[in-house]
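Colleague: I have a model open and I'd like to learn how to read it. Could you walk me through a couple of spots?

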Amino acid sequence: MSVPFAFVPRQVSRSTKVRGTEPPKSPSAVTRQRARSLSQASDSEDDSKAPGAVVADEDEKGKRRAVDSHAHDVGKDIAALALLALSDYKLWSDADLRSKVDDCLRTSDTSAAGFVPINYLIRRPPFRGFLSVEPSEVEVVKALRTYANETLEVRMLVSAPSSSVWYGTGKTSRKKDVGGYEVRRRDWEMLLDHPLRNLSPEQWDERTLYMECVPTQYRSLAGIARFTQALLPTLPSPPPSPIHVQNVTLPPHYLDKPGDIPKCRGYALVTLSTTEQRDVFLSEWPWKRRLCDTTEHGTPGVKEARRFGFRTISKMRWDQLNEEYVAYRQQLVDKIVGASTRPSSTYRSDIPSETDVSTHVRPEDEGVPIRVPASPQPAGTPKTTITSPYPYGCLVFVRNIHPETNKTTLKTLFSKAFGGQGKPIGLDYVDFNKGMDSCYLRLTSPHHTSILTEHFMRHPCVQASGLDDTGRAPGGNEQTIRMELIEGKREALYWNNIPEKVRRQAVARALQAEQSVNISHSNAAIQSGAAPTPGTRKRKR
């Protein structure tokens, strides 16, 4: 008689009825037995090696490859940040790091000279703030031994480094990570007399360039350092430092608050170890891009740079362009402020004032919208035809609206110029973004544009709140809602960003509106003709 198999997996086990054996167990007993077996399995095996986890990893090979690729990139980023943290530029700019490294280099024990605790580097920039998850010492050690072993040397001490020397007299906040791992540069013997440590700020600026249109997958501090390293060619003479990328700076955005960590938006300032490396970048990737075939042979980094339109410029030229931009922006702001403070700029003698209009309004006509005759288009304004790319004279830029308003409120407010009854036929679309104090209005036709602008010239108002859809009279120093007709190049640039289907529909509506306006005015002219004199016969219809 053969002995039955001692173990049957739970997934394939089936209940069998054997006559003459013990009665079947109750459901509660089966549940307790399964719970005991699960607890024994969890005690005997590690959580990371549970059968369910292994099956999931084996079934989802695509996810496992994605996780491995992510860990691969994180290791490269850690190695790139460690090289930036121990670069010559960092030793030159960081006085605290420089003094502590110099003390370690002057020690009599050459085996410990130049070593820096990894825990000390993790707690400081560029590690802090530029990684989504703060790495542990073990992760940093693995990354350095894998990707930066030729430049950096890692060792482990039996006892942790002195916290009073590296972290001050207070208690360290990272006791869990103190493991005694240290790192130093392999050229540590030359650090005290290294030529790059005696450079001036102007000389470092000569080695710095500005780059933009960085490929998307490299848009981080460590990614830009790796991308720059990948594009660096081999020079005839070796550079003085084994770390070629000395520093990466992300210029702050104008919306960033003081103290915010800048985000990478595809541009950065990169400092190299020599001016020759900078010249190679400026010649290979000039500011004025050259036409090239993206399918040409080259490294993956070169192909990605060509595909994204990567370009560079020296930092000195970048500073000059920034100064010119700031001066030009201030000039435009001064013009806008000057135009808004001149009251005569909004006055037109051909439009009667509010008091003049009120004297001619009868009580029974209150609430009836004023019909303004179709104004002729200004000289030089093209006429909209069926072949026009967009409707001309139908775009208005509005200033001084409430930042907390919305499109519905604005549409109701501006439709008052057309009577405010039912659907505002003259107002086609309100182009507004939340938080802004300005917007664009697309009108149906130039005739409706004239009605809208003249209405708000006659009746200046302000928005008291974000939900104010009627407007109120302005106070002493309050800025009224101002409108500007957009024409020419600015009008073309705006409509170029609108889908072609929407532009065609706007042209069709403009032509239809102009046709209806012309018909209505011709009928009004016939009806307003002189009354027939007595004795004359009326024409038969």
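This is a predicted model: local features need pLDDT of at least 70, side-chain atom pairs count only at pLDDT 80 or more; totals for chains, interfaces and linings use all residues.

Colleague: Which residues does Thr405 touch, not counting residues up to four places away in sequence?

Modeller: Thr405 touches Leu410, Phe432, Gln463 and Gly466. You'll find Thr405 in the loop between strand 8 (395-399) and helix 15 (407-414).

Colleague: Is Thr405 buried or exposed?

Modeller: Buried means under 20% relative accessible area. Thr405 has 3% relative accessibility, so it counts as buried.

Colleague: What does the side chain of Thr405 reach?

Modeller: It reaches the backbone oxygen of Gly466, at 3.0 Å. There is also a polar contact of 3.4 Å between the side chains of Thr405 and Gln463.

Colleague: Now helix 12. Which of its residues are buried?

Modeller: Gly301, Val302, Glu304 and Ala305 are buried in helix 12. These residues lie on the same side of helix 12 because they cover an arc of only 165° around the axis. Pro300 and Arg307 are exposed, on the face turned away from that buried side. Helix 10 (221-231) is among the elements covering the buried residues.

Colleague: And Val302, what does it touch beyond four places in sequence?

Modeller: Val302 touches Leu231 and Trp285. Val302 and Leu231 are 71 residues apart along the chain, yet their C-alpha atoms are separated by 6.6 Å. With a relative accessible area of 17%, Val302 is buried.

Colleague: What comes just after helix 12?

Modeller: Gly309, which takes a positive phi of about 75°.

Conventions:
Residues are numbered from 1 along each chain as its sequence is written. Side-chain values use heavy atoms; hydrogens and water are left out. Buried means under 20% relative accessible area, exposed over 50%, partly exposed in between (1.4 Å probe, protein chains only). Contact means heavy atoms within 4.5 Å. Helices (H or I, at least four residues) and strands (E, at least two) are DSSP runs, numbered from the N terminus. The arc is that of the directions from the helix axis to the C-beta atoms. A polar contact is a pair of N or O atoms within 3.5 Å; within protein, one must be able to donate a hydrogen and the other to accept it, and residues adjacent in sequence count only if both atoms are side-chain atoms.
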